[in-house]
Amino acid sequence: MHVNGLMKWVAAYVLLLLTCTVHAQHPKDDIKQNIRRSANNLMAYPGPHQHRLTPAPQGKHPFYISHYGRYGSHHLSQKEDFDVPYHVLDIADKAGKLTDKGRAVKQRLEKIRDDAYEELGELTPTGARQQQLIAQRMVERFPEVFGDQVVVDARSTTVTRCILSMEQFLLQLTRMRPHLHVYHNATHRDMAFLNQQDRQLMRIRMDSMTQKQYNQFVKRYNKFDRLMRTLFNDMTYVKQHVDAKKLNDDLFVLASNMQNTELRQSITLYDIFSDQDLYRNWIKENAWWYINYGGCTLNGGTQPYSQRNLLRKIINDADSCLKLKNPSVQLRFGHDIVILPLACLMDINHWGLATNRLGSLGENGWSCYNIVPMAANIQLIFYRSNPDDQDVWFKVLFNEDEATLPLPGDHAPYYRWSDFRSYYLKKLDGYEKH
C-alpha cells in the first residue's frame, strides 16, 4: 500500500476509535447529556456520528448495497396511550386533587391527544425527513452504486408507516437520480423474512421464571413518590385511586415519543421527571428489550434467531446480486422487533452479548437508544475491483456508522464476503439442526 494510502487508513482508523470512545460512556451519563436517549426504541433518529468513512481496500469500489431499515418517527399506535393518562388527571382535577403542575400537565396531554387524532401509528413529518436524509447520505457516500442502469428493489412490510417510510426513501433517491430503475412492493408474501414471527421462540420469551427474574429486577427501580407529589396534592387520594406505576409508565411513553412529533418544539413532558426518574425508566425498559429480543440467557439466549429467515435471505440475495455486471441496491423496510434481534444475531458491535445480569447491560454497551432508534438501519456495502473480481469485500454501516463483526481480518471495518457467508450460514445451520 502506498504511503498516502496508509496514512489515510491510519487517520480514518484513529477517527473511528475516537468516535467509538465518545459514545462509550455509561448510559446514566449519556441520558444526562441528552435526555431523549432515555426513550429507548422511541428515540428519534440521531443521524450518523461518523462523518468520514474509512477508505476502501485499494482498488475496490462499491457496487451493491443490501439494506434493512426500521420505519421512521411516528405517532403512538394505541388510543389508550393518550386517553388513559389524560382521564386519570382529569378525574383528579375535578376532585380538586391536582397541583398547579398537574393541571398544566393535563392541559398538555389534551394538546398531545388532539395532535395524534386519527393519525395513530402514522409516520410523522419528522419520520419522513429521517428517511429522506438517510437516502440522501447513501447516494452522497456511494455515488458509484447509483449510476446508469442501476436497479433498486425495495420491499416493505404491509404496515402503513413502513410503506410510507419506503416511499419517502425512494422519493429522495429518484429526486437525486431520476434515471434509477425502481421496483417496490409491500406484500404478505415477503412477511416471512421481513417480519418473521417465530411462535416457538415467542412462547419462551417471558416464561414464568424469566418473568419472575425481570419483576425482581425492576422492583428496585419502581419509585414513583416524587412524580406523584409533583402531580397530586393529596397522597391519600393517590394511594386509593391512582395506579402510580401505570401512570408513570404512560406518561413516560408520551414524554419519550414527543421528540417524534412536530409538537416537540412547543411541548415537553420531560420536566416532570428527574434525572434519576429517567434513568430508572430507561433501565427497566432496556432490560425488557434485551430479554425479549437480545441474547439474554434467562430464557435460553436464542431470541435473536427469530430473524434467521431474514439473515439467510440477505445472504442468498447478495449471492445472486454479486453475479450481476451492473451495480444494484436492495432496500427492505420493517420494524424495531426485527432489526434489533438481527443486530444481535449478527453480533454487530458485540450486541450479541449473552448474560443474565440485567443490571450490567449499560456498562457492556447494550443500550436500546444506540441500536433501535426510529429509522434504525443496517447497510451492507459491497466492494470489488471489477465485475469479474471474485474477491468481494464489504462493510456494515449500523445507523450509518461503521460497525464491527465477529469475523477474521486485519482490515476492519472491511471484511471478506466469503468469511461472512461461511460464518453465518454455519451459525444458522447449527441452530436449525438442533
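Before you start clicking, keep in mind that this is a predicted model. Colour the chain by pLDDT: the mean is 94, and 94% of the residues reach 70 or more. Now select residues 1–23, where the pLDDT is below 50. Beyond near neighbours in sequence, that stretch has 21 contacts in the model. Where pLDDT is low, the predicted coordinates should not be read in detail.

**Stop 1: the core**

Select Phe232, Trp366 and Phe420. Within the largest nonpolar core, which has 101 residues, these three touch the most other members. Helix H13 is the top contributor to this core, giving 9 residues. A second, separate core has 27 residues, among them Val150, Phe169, Ala375 and Ile381.

Now zoom in on Phe232 and show what surrounds it. Setting aside residues up to four places away in sequence, Phe232 touches Val88, Leu89, Ala92, Lys97, Leu98, Thr99, Tyr237, Val238, Val242 and Leu247.

**Stop 2: a pocket**

Next, go to the second largest pocket, with a volume of about 770 Å³. To centre your view, pick Asn41, Leu42, Val253, Glu285 and Trp289, which lie nearest the pocket's centre among its 28 lining residues. Which helix gives the most to this lining? It is H12, with 7 residues. Colouring the lining by residue type gives 9 nonpolar, 9 polar and 10 charged residues.

**Stop 3**

Move to Asn40, in the loop between helix H2 (27–33) and strand E1 (61–70). Asn40 has a positive phi, near 55°, yet is not a glycine. Is Asn40 buried or exposed? Its relative accessibility is 0%, so Asn40 counts as buried.

Gln149 is another non-glycine residue with a positive phi, here about 65°. Look for Gln149 in the loop between helix H5 (125–141) and strand E2 (151–156).

**Stop 4: Gln307**

Gln307 sits in the loop between H13 and helix H14 (308–321). Gln307 counts as buried because its relative accessibility is 1%. Show its contacts, leaving aside neighbours within four places in sequence: Phe193, Gln196, Ile337, Val338, Pro341, Leu342 and Leu345.

**Last stop: a cis peptide bond**

Finish at Ala412 and Pro413, which are joined by a cis peptide bond with omega about 15°. You will find Pro413 in the loop between strand E7 (401–402) and strand E8 (414–416).

Notes:
Residues are numbered from 1 along each chain as its sequence is written. This is a predicted model: local features need pLDDT of at least 70, side-chain atom pairs count only at pLDDT 80 or more; totals for chains, interfaces and linings use all residues. Side-chain values use heavy atoms; hydrogens and water are left out. On a 1 Å grid over the protein atoms alone, a cavity is a set of points where a 1.4 Å probe fits but cannot get out, and a pocket is an open set with protein on both sides within 12 Å along at least five of seven lines; lining residues have an atom within 4 Å of a point. Grid points are joined across faces, edges and corners, and a volume is the space filled by probe spheres set on the points. Helices (H or I, at least four residues) and strands (E, at least two) are DSSP runs, numbered from the N terminus. Ala, Val, Leu, Ile, Met, Phe, Trp, Tyr, Cys and Pro count as nonpolar, Asp, Glu, Lys and Arg as charged, and the others, Gly among them, as polar. A nonpolar core is a set of buried Ala, Val, Leu, Ile, Met, Phe, Trp, Tyr and Cys residues joined through side-chain atoms within 4.5 Å. Buried means under 20% relative accessible area, exposed over 50%, partly exposed in between (1.4 Å probe, protein chains only). Contact means heavy atoms within 4.5 Å. pLDDT is the predictor's confidence in each residue, from 0 to 100.
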